[in-house]
Amino acid sequence: MNLFRVFRYGDYGDREAAAAGETKYDTRAEWPLWEVFIRSKAGLDHKHAGSLHAADAAMAVENARDVYTRRMEGVSIWVVESKYIHASDPADAEMLYDPAHDKIYRHPTFYNLPDELKHM
Amino acid sequence: MTEPSLQQQFDEKVASEIAIEPRDWMPDDYRKTLIRQISQHAHSEIVGMLPEGNWITRAPSLRRKAVLLAKVQDEGGHGLYLYSAAETLGISRDEMIEQLHSGKAKYSSIFNYPTLTWADMGAIGWLVDGAAIMNQVPLCRTSYGPYARAMVRVCKEESFHQRQGFEIMMTLANGTAVQKKMAQDALNRWWWPSIMMFGPPDADSPHTQQSMEWRIKRFTNDELRQKFIDVTVEQARLIGLTVPDPDLKWNEATGHYDYGKIDWEEFWNVVKGNGPCNKQRLETRKKAWENGAWVREAASAYAGKRRQRQQEKNAAAEAAAA
């Protein structure tokens, strides 16, 4: 049962924690899993593209180039071994993100100003 | 928290079209259904490279060869996107591959048919990829986030696959009498297996209803099949080829084509492993896996050695600094 399992999102890779303990399969021979981030063009952020297996970082970059940039999708690649990603826990979502809900005054549209007002 | 509340949260999310992500709570059967569907989809991409790989060295021109290579490379990529998506559900890559090799996991039956002539490259692109696209476009909105994202990528890339296939068929259909005959022969052989690709009729599809409720599937097998037949019959007409179904006719009342009886016995027979190429396809995959073992091991050993050397270097530098 995974009812009471606390998922620390990203303490392990998605694969390791998503259904941890349910697979008895021996994965020691597998190349580690890597997350791939691609910058689609200079001036933009690297964005998560997906994941892949590779023996080391150099191979992960080479594989990422073949798997995720066959159509000029990127000009730069980051790879990080999935087990090094740390992320928030979905169970904490309420605590983390709800406080922002009642602070709409942080958005410019909150303020009612006359139409004649220009350049603001 | 009690189970009903987790179940309710899950149901609410699915109902309001909020994607389910890897760490969200999900019913065990939802997870199992997805692992089965996504891994079989991945296997289909990988095994699907074989019938076309057969023609790469015999493509009739450099242009056709470059295109076919790119297409087969795409299929490999699609398999990788999908394996990664399945891995977020807690199954390992090696386990999925093991399931393919042992026959526990299936792949699309269509890839158990042989590719006898060059026209089959056209028919596969046009019909098999066409049917796959019909199936995959709604999957871009499937309820499981990683699967949906993989499908968006796949669909973006797959549209050229169908177009290049149709172009091959069109060229043959407009060619010499022998070429046109070759195109018609390919259509004759691939038509029925292609429309079987959508799976058994709704009445005999055990997973459909639950998958629709979970919004993994958006349309039933029969709905997608009908949609495919309606568009493809028109496309065949455009290039002067005849769909090999004497019962095919436009139904004014329904606004769809009526079609003849599908030989489901053949379908189940191929699923069970008795198609023309089942054995050969699996053997090829197993051999590739076994023959590649030393490469996987060598790469791991090399990476380990490099890591160790780096550690020794760091330790030496630290000692020198101290």
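Predicted model: local features only at pLDDT ≥ 70, side-chain atom pairs only at ≥ 80, totals over all residues.
Two strands count as paired if DSSP finds at least two bridges between them, and with that in mind we can turn to Trp34(A), which stands opposite Glu81(A) in strand β3(A). Residues are numbered from 1 along each chain as its sequence is written, chains are lettered from A and ligands numbered from 1 in the order in which they are written, and side-chain values use heavy atoms, with hydrogens and water left out.

Let me begin with chain A. Chain A has three helices and three strands, where helices (H or I, at least four residues) and strands (E, at least two) are DSSP runs, numbered from the N terminus. Read from the N terminus, the elements come in the order α-β-β-α-β-α. Of the 120 residues in chain A, 30% are buried, and here buried means under 20% relative accessible area, exposed means over 50%, and partly exposed lies in between, using a 1.4 Å probe and protein chains only. Among contacts in chain A with a separation of 6 or more, 48% are made by residues 24 or more positions apart, a contact being heavy atoms within 4.5 Å.

Now to the sheet of chain A.

What joins the strands to one another? Strand β1 (residues 33–39) of chain A pairs with β3(A) over six bridges, in the antiparallel sense, while β1(A) and β2(A) pair in the antiparallel sense over seven bridges. Leu33(A) has His53(A) in β2(A) as its bridge partner. β1(A) and β2(A) form a hairpin with six residues between them, and in the turn Gly43(A) has a positive phi of about 105°. β2(A) is mostly covered, with six of its eight residues buried.That strand also leads us to chain B, since what covers the buried residues of helix α5(B) includes β2 of chain A together with α2, α4 (62–87) and α12 of chain B. Eight of the ten residues of α5 (residues 93–102) of chain B are buried, so this helix is largely enclosed by the rest of the structure. Among those buried residues are Arg93(B), Asp94(B), Glu95(B) and Met96(B). After α5(B) comes Gly103(B), whose phi is positive, near 90°.

Next, a pair of helices in chain B. The axes of α2 (residues 28–47) and α7 (residues 145–173) of chain B come within 12 Å and cross at roughly 25°. That makes α2(B) roughly parallel to α7(B), given that angles under 35 degrees count as roughly parallel, over 145 as roughly antiparallel, 65 to 115 as roughly perpendicular and the rest as oblique. In this contact, Leu34(B), Gln37(B), Ile38(B), His41(B) and Glu45(B) of α2(B) meet Tyr147(B), Met151(B) and Val154(B) of α7(B). By class, the contact residues of α2(B) and α7(B) are five nonpolar, two polar and one charged; Ala, Val, Leu, Ile, Met, Phe, Trp, Tyr, Cys and Pro count as nonpolar, Asp, Glu, Lys and Arg as charged, and the others, Gly among them, as polar.

At 6% relative accessibility, Glu75(B) counts as buried. If we leave aside neighbours within four places in sequence, the residues in contact with Glu75(B) are Glu45(B), Met49(B), Glu52(B), Asp129(B), Glu158(B) and His161(B).

I will finish with Val295(B), which lies in helix α13 of chain B and is partly exposed, with a relative accessible area of 41%.

Conventions. Axes fitted to C-alpha atoms, helices over the stretch in contact; angles between N-to-C directions.
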